[in-house]
Amino acid sequence: MDAGSDRVNRLRGSVAAWALGMVLSVVGGCHKPEPPPAAYMGPTLASFDVAEARLPADPTGFVLLAEGPSVGRFPDALAVARLEPPQGLLTPEDLGEGPRDNWWVRTIRWEEAMNWNRLCNTIPSIREVIVLDRFTTVSPDAQPDEIAASARRLEAGMCLVYGPSLAEGQSAGLWGVITDTASNERLAFIRAQAGPYDFRPPPSDRPREDLRHLDVNYLAERKFQQEVRKCLLAMIANDSPPATTQPSPWRTDTPAAMQPVIVVPERTGRW
């Protein structure tokens, strides 16, 4: 092969390599990252649906509604029920019941339920957290008081019912109420809101496809759970244990002359 042919072959190789590089750069330039999940834009749960209560001053916080301290409320179990909105013409997942106009108890996904189950692992006064689903209640579209009654049958003294709330643009929010399942007394109101201001860099070991750090719905759920935990700790601090001893019947304000006299005969002889 002469020198001219060798130069031509090298030129052709360079052109081919340049063309391949251009194609790869164009393909790489056309790839766009996945957009973050959009904020929930569906129906929201009005506060009077779960509690006739004053709202916390901030978009994230809680308010204790019970007047005065409690006695013997803890240790106790907490039942949790999330409400999902009416489906209109859409078919609810899993069951195929058809359109409905009422809010229903949602069957929470396993990974979400686990976050609730371990929320109070380090709080001895909370025996357990029971996650309810649409099969737990007599009717899936039960009202909050009926949901609380179902929680009582599961031996949970408190029941949290919550759902989506109004939120600022590009944000997601949740609010709910904790109810005493025996008296139906509203004990606390909790709310939480998350938006782009809550975005943080993802952990280094998280897959690129995992966008939870940019999902305002996921972040609102986590913030809401933390507010529930703070609320429970405040309720525990406001509770005192029941009396473990009873007053002696021999120590009364009755005058001595009015005290009954018990005469025990003297034991004589042998049994």
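The model is predicted, so to speak of local features we need pLDDT of at least 70, side-chain atom pairs count only at pLDDT 80 or more, and totals for chains, interfaces and linings use all residues. Residues are numbered from 1 along each chain as its sequence is written, and side-chain values use heavy atoms, with hydrogens and water left out.

First, the helices. Helices here are DSSP runs of H or I with at least four residues, strands are runs of E with at least two, and both are numbered from the N terminus. Helix α3, residues 110-117, packs against helix α5, residues 216-237, at an angle of about 25°, and their axes are 11 Å apart. Axes are lines fitted to C-alpha atoms over the stretch in contact, and angles run from 0 to 180 degrees between N-to-C directions. That makes α3 roughly parallel to α5, a label for angles under 35 degrees.

Which residues of α3 meet α5? They are E112, N115 and W116, and on the α5 side they meet E221, R222, F224, Q225 and V228. Contact means heavy atoms within 4.5 Å.

Now the pocket. A pocket is an open set of points on a 1 Å grid over the protein atoms alone, where a 1.4 Å probe fits, with protein on both sides within 12 Å along at least five of seven lines; lining residues have an atom within 4 Å of a point. The largest one is lined by 24 residues, and R82, R106, R109, E112 and N217 lie nearest its centre. β3 (76-84), α3, β7 (172-180) and α5 each supply at least two lining residues. α5 gives the most, with five.

Notes: Angles under 35 degrees count as roughly parallel, over 145 as roughly antiparallel, 65 to 115 as roughly perpendicular and the rest as oblique.
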